[in-house]
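Open the model in your viewer and keep the sequence panel beside it. The stops below are given in the order in which to select them.

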Amino acid sequence: MSRGFRFAIDRGGTFTDVYAELPNGGRTVLKLLSVDSGYRDAPTEAIRRILEKHTGIPFPRDQPIDTSMIESIRMATTVATNALLERKGEPIALVITQGLRDLLHIGNQSRPKIFDLKIEVPGVLYSEVIEVSGRLILADDGEIVSITGERLHVRLKTI
């Protein structure tokens with residue numbers, strides 16, 4: 001059974017790294033700048049370049065890529081994680097069950113340096129806590145739903 005190209009892509013803030021398994025069993029890697037004026041999107045550009053190189057077929061940048069030769073694409077990104085850790089981007093809120101507002105602040109009480117007199121606790125990532133009663137589920141459309149199916153309308157103020 002013939003297989004297609006398999007891509008594993010990590011899009012970082014500076015570089016996008018691509019590992020590809022080729023239909024002939026070979027492998028290739030490619031590193032691109034994540035942001036470059038020569039292309040709109042680094043992962044798409046990487047796929048385009050690898051397909052062109054290993055098939056000999058041109059894939060123009062202004063055309064959608066023919067995906068019939070692609071078996072899978074796995075994407076990962078450190079951009080969102082880094083934005084959270086560096087406190088960049090939009091402010092976020094923690095929506096949590098009533099009475100548990102301090103849960104993430106308290107944590108698991110582990111103390112790597114048990115005799116340290118000056119313990120530095122990292123700050124929380126959220127800027128507001130919204131407590132709700134009952135168990136909640138985030139629906140596919142982004143709405144908050146109780147386990148009974150009732151849609152809850154949480155009024156968020158500007159953070």
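Select strand 1 and strand 2 first: in this predicted model, the two form a hairpin with 3 residues between them. Strand 2 covers residues 15–21 and runs antiparallel to strand 1, with 6 bridges joining the pair.

Phenylalanine 5 stands opposite isoleucine 70 in strand 4.

Next, go to the loop between helix 2 (79–85) and strand 5 (93–97) and select arginine 87. What is its phi? The angle is positive, about 60°, although arginine 87 is not a glycine. Is arginine 87 buried, partly exposed or exposed? Its relative accessibility is 46%, so arginine 87 counts as partly exposed, the range between 20% and 50%.

The largest pocket holds about 470 Å³ of space. It is lined by 19 residues, and those closest to its centre are Ser110, Ile119, Glu120, Val121 and Pro122. By type, the lining comprises 9 nonpolar, 6 polar and 4 charged residues.

For the last stop, select the lining of the second largest pocket, which includes Tyr39, Arg40, Asp41, Arg48, Pro60 and Ile65. This pocket has about 210 Å³ of space. Its lining divides into 4 nonpolar, 2 polar and 5 charged residues.

Key
Residues numbered from 1 in each chain as written. Predicted model: local features only at pLDDT ≥ 70, side-chain atom pairs only at ≥ 80, totals over all residues. Heavy atoms only, no water. Pairing = 2+ DSSP bridges. Helix = DSSP H or I, 4+ residues; strand = E, 2+ residues; numbered from the N terminus. Buried < 20%, exposed > 50% of the residue type's maximum accessible area, 1.4 Å probe, protein only. 1 Å grid on protein atoms, 1.4 Å probe; cavity = no way out; pocket = protein on both sides within 12 Å on 5 of 7 lines; lining within 4 Å. Points joined across faces, edges and corners; volume = space filled by probe spheres on them. Nonpolar A, V, L, I, M, F, W, Y, C, P; charged D, E, K, R; others polar.
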